[in-house]
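Hello! Here are a few friendly notes to read with the model open beside you.

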Amino acid sequence: MSRSVRTRPEGSGQALSEAYDTALLDLDGVVYAGGNAIEHAVPSLAVARDGGMRLAYVTNNALRTPDAVAAHLTELGIPAEAGDVITSAQAVARLIANQVPRGSRVLVVGGEGLRAALRERGLEPVESADDEPVAVVQGYGGPELAWGRFAEASYAVARGLPWFASNTDLTIPSGRGIAPGNGAAVEVVRIATGAEPQVAGKPLPPMHRETILRTGAERPLVVGDRLDTDIEGAFNGGVDSLLVLTGVTDGAQLLAAPPQHRPTYVDADLRGLLTGQPEVVGDDGAFRCGGWTAAAGAGRLELDGDGA
């Protein structure tokens, strides 16, 4: 179903965990931040899972393997297996494998998650532009990624090799605040070479395809904290979305969002999976939702109510 005409959020008379068969959950800023579970995440996901909703964890972070992510979630009290985790590393590996012969060497700038995803597709990760790679791929490598890795990528891309990026998120949430993401690293190589990468991660179609292929979801609900990745990705895929305000998006950014960044539902945190969602009703230039009324007036937003 197309979301090109959406102008405002919708309501749901059912709890979202009952209305949808699969939650496609972002991780950073939704389930955890800085490695620690976000408040209300663990019990909310347990209730949704026990009620029959499948939980799949969909992340643009290509650093860790699905096994490592699943082990981390399990340690936090959220039982998960590797098959429950879909990463942008897997999406970009499939994208590369569709364009180069099996067994090809690929220069990797990133972490073990990216290397494992390439091996899964029958490709050989290499470390140097002089190792005869046929392509270059970048994924988030963590704060310790050496500057020289960008030089290797730049040398290979400048020679005309196809260049791929797992994602282009400029920032990533951490326990200490907002840190540079893989998109910032991609910009380094872009500046050095003038080239443009093929990108797989959210909000682009390769990531959505990878997610549906691996989960088999029929009525998916995307759950995320970023308008320009999670929510736009759901919009592009024609599926519904829930924005939680536990990550990088605040109320002001949401209010200013263009149509492709407007979620179907909004809630403070993952407890929103367990409830119905109030309908947005327009009335004489104002909009009412869940005990609040909002209207534009005198160049500002006027908000009134108690949320009851």
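Which element gives the largest share of the lining of the second largest pocket?

1. That share, four residues, comes from helix α7. Helices here are DSSP runs of H or I with at least four residues, strands are E runs of at least two, and both are numbered from the N terminus. A pocket is an open set of points on a 1 Å grid over the protein atoms alone, where a 1.4 Å probe fits, with protein on both sides within 12 Å along at least five of seven lines; lining residues have an atom within 4 Å of a point.

2. Please keep in mind that this is a predicted model, where local features need pLDDT of at least 70, side-chain atom pairs count only at pLDDT 80 or more, and totals for linings use all residues. Numbering starts from 1 along each chain, and side-chain values use heavy atoms, without hydrogens or water.

3. The second largest pocket is lined by 29 residues, and Tyr 140, Gly 142, Pro 143, Ile 172 and Pro 180 lie nearest its centre.

4. An unreviewed UniProt entry annotates Asp 26 and Asp 28 as "active site"; such annotations may be inferred rather than shown by experiment. Of these residues, Asp 28 is included in the pocket's lining.

5. Asp 26 sits in the loop between β1 (22–25) and β2 (32–33), and Asp 28 lies in the loop between β1 and β2. Asp 26 is buried at 7% relative accessible area, and Asp 28 counts as buried at 13% (buried means under 20%, with a 1.4 Å probe and protein chains only).

Technical notes: Buried < 20%, exposed > 50% of the residue type's maximum accessible area, 1.4 Å probe, protein only.
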